[in-house]
Amino acid sequence: MSAFGVWITATWILLFAIFDVAFSNYSEDQCSWRGSGLSQQQGSVEQISLHCSEGTLDWLYPKGALRLTLSPRLPSVAVGPGGSSSGLITACVKPSEQFHGAQLYLERDGVLELLVGDRLESSPPPRVRCFSRLPGEKVALFLQATPHQDISRRIASFRYELRGDWTARLSLDSNRISNEDACRPCNNTEILMAVCTSDFVVRGNIRSVVEDENLRAAVIKVSATRVFRQKYALFAGNSRLSSRGEVRTLLQCGVKPGPGSFLFTGRVHFGEAWLGCAPRYKDFQKAYMIAKAAQQIPCELPVD
C-alpha cells in the first residue's frame, strides 16, 4: 500500500474513533443520554439534543452545565376537550428519587424557571414537573451543577415524556391547575372522545382507594370486568372474569370507593395509569347509544 493509501486509512480510522466518542453517550434512537461531568471544563455548557417523545437523562458527577433540547416527532396538532386542536405540546420530567448534584431549569425565551432544586439527603422525593409549549416556541432544559467538595456520589437523573395532548398536565403536575379543572366530571362529548384516544379503556369496579401523600395522588384499586383497550399491560390476572390494576388521580379530587360499574379511561405516564374520564358504565352506555343513533360517535366500541 502506498503512503497516500496508508494516510487515507489512518484518517478514516481517526474519524470513526471521533464519531464513536461523540455518539457513545446516546442510544441509537437518540431518546436517552448518559454522560459524566468529569470530562467537562468548569463553567462549560454541553449541548444535547434528543428526538423522542420519551427517554432518560443520567448525568454522573455533575460539573459545569448541560443544555437539553427536546425535538420529538409528534403529531402537528393536539386534541383538547370536545376535539378542539390547540397545537399545544406538554412535557413532563420525573426526577429520580436520588436526584443530587444539580438544579434543573426550564429555559424559555432566554429566561430560566427552576423546576427541580438540588436535594439534601433528608429531602422528600422530588415531584413530577410539567410545562407546555406552542409549536415554534423555543424551550430547553438547563441543568446547572451545584458546587460540592465530594461529587463522587452525585447523580442528576430524570425521565422525560412529551405528549401532543391536553391531558398530560392534568394527570401529573397539580401545581398550576385548579381543583375545578382537574376534578370536574367529563361531559358526553369528552367521554366519547376519551374512549377513542385514551391509552386504556376498561370497565370495572372500585375495590379500594389508597392515598399516596408523596405523589399527592389517590391510587384506585380496580377490578376490571372487561378490558376494551390498553396500551401497556396495566390490567392483568389469571381469572377469565376479571383482572386487576391500579389507576391514579389527583388527591384533591376526593375519590372514594363505592358500588357500581364504571368505565375507566386515561393516559399512561411514566409507566403508571392516570385517570381521565370515568363515568358510571350505565351513563356511558346511554350517551354512546344516543350518539350512535345520531351517527355522531367518533369510533366504535363493542358496548353490551
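## Cys277 and its partner

Cys277 is buried, with a relative accessible area of 7%. This value, like the others here, comes from a predicted model. A disulfide joins Cys277 to Cys186, with an S to S distance of 2.1 Å. The two cysteines sit in distant parts of the chain, 91 residues apart. Cys186 lies in the loop between α3 (179–183) and α4. Cys277 lies in the loop between β15 (272–275) and α5.

The torsion about this S-S bond is about -90 degrees, so the disulfide is left-handed. What is the exposure of Cys186? Cys186 counts as partly exposed, because its relative accessibility is 25% and the buried class ends under 20%. Cys277, at 7%, is buried.

## The disulfide set

A search of the whole structure finds five disulfides. Take the bonded cysteines of the chain in sequence order. Their pairing is then 1-2, 3-4, 5-8, 6-9, 7-10.

## Cys31 and Cys52

Cys31 and Cys52 form one of these links, with sulfur atoms 2.0 Å apart. This pair, too, links distant parts of the chain, 21 residues apart. Cys31 is in the loop between α1 (3–23) and β1 (33–36). Cys52 is in the loop between β2 and β3. The angle about the S-S bond is -65 degrees, and the link is left-handed.

Cys31 counts as buried, at 11% relative accessibility. Cys52 is buried as well, at 13%. Ser53 also lies in the loop between β2 (45–50) and β3 (54–60). Is Ser53 buried, partly exposed or exposed? At 30% relative accessibility, Ser53 counts as partly exposed. The C-alpha atoms of Ser53 and Ser71 are separated by 8.2 Å. Along the chain, these two serines are 18 residues apart.

## Cys92 and Cys130

Cys92 and Cys130 form a disulfide, with 2.1 Å between the sulfur atoms. The link is right-handed, with 100 degrees about the S-S bond. Cys92 lies in strand β5 (residues 89–95) and Cys130 in strand β8 (residues 129–133), so the pair ties together parts that are 38 residues apart in sequence.

How accessible is Cys92? Its relative accessible area is 2%, so Cys92 is buried. Cys130 is buried too, at 1% relative accessibility.

## The open sheet

Five strands form an open sheet. Their order is β2-β4-β9-β6-β7, and the pairing is mixed. Which strands stand at the edges? β2 and β7 (111–116) do, each with a single partner strand, so one side of each is left without a neighbour in the sheet. On average, neighbouring strands of this sheet are turned by 25 degrees against each other, direction ignored.

Strands of a sheet pair through backbone hydrogen bonds, either parallel or antiparallel. Strand β6 (residues 102–108) and β7 run antiparallel, joined by five bridges. Glu107 stands opposite Leu112 in β7.

## Helix α4 and its surroundings

Helix α4 spans residues 188–197. Its buried residues are Glu190, Ile191, Leu192, Ala194 and Val195. What do these buried residues pack against? They pack against β11 (200–212), β12 (217–230), β14 and α5 (281–293). Asn187 caps the N-terminal end of α4. A side-chain oxygen of Asn187 lies 3.2 Å from the backbone nitrogen of Thr189.

The axes of α4 and α5 come within 10 Å and cross at roughly 90 degrees. That makes α4 roughly perpendicular to α5. On the α4 side, Asn188, Ile191, Leu192 and Val195 take part in the meeting of the helices. They meet Phe284, Ala287, Tyr288 and Ala291 in α5.

## His269 in β14

Strand β14 (residues 262–269) contains His269. The buried residues of α4 pack against this strand, among other elements. Is His269 buried or exposed? His269 is buried, because its relative accessible area is 1%. The His269 side chain makes a polar contact with the side chain of Glu161, at 2.9 Å.

Methods: Residues numbered from 1 in each chain as written. Predicted model: local features only at pLDDT ≥ 70, side-chain atom pairs only at ≥ 80, totals over all residues. Heavy atoms only, no water. Helix = DSSP H or I, 4+ residues; strand = E, 2+ residues; numbered from the N terminus. Buried < 20%, exposed > 50% of the residue type's maximum accessible area, 1.4 Å probe, protein only. Polar contact = N/O pair within 3.5 Å; in protein donor to acceptor, adjacent residues only side chain to side chain. Contact = heavy atoms within 4.5 Å. Disulfide = S-S within 2.5 Å. Pairing = 2+ DSSP bridges. Axes fitted to C-alpha atoms, helices over the stretch in contact; angles between N-to-C directions. Parallel < 35°, antiparallel > 145°, perpendicular 65-115°, else oblique.
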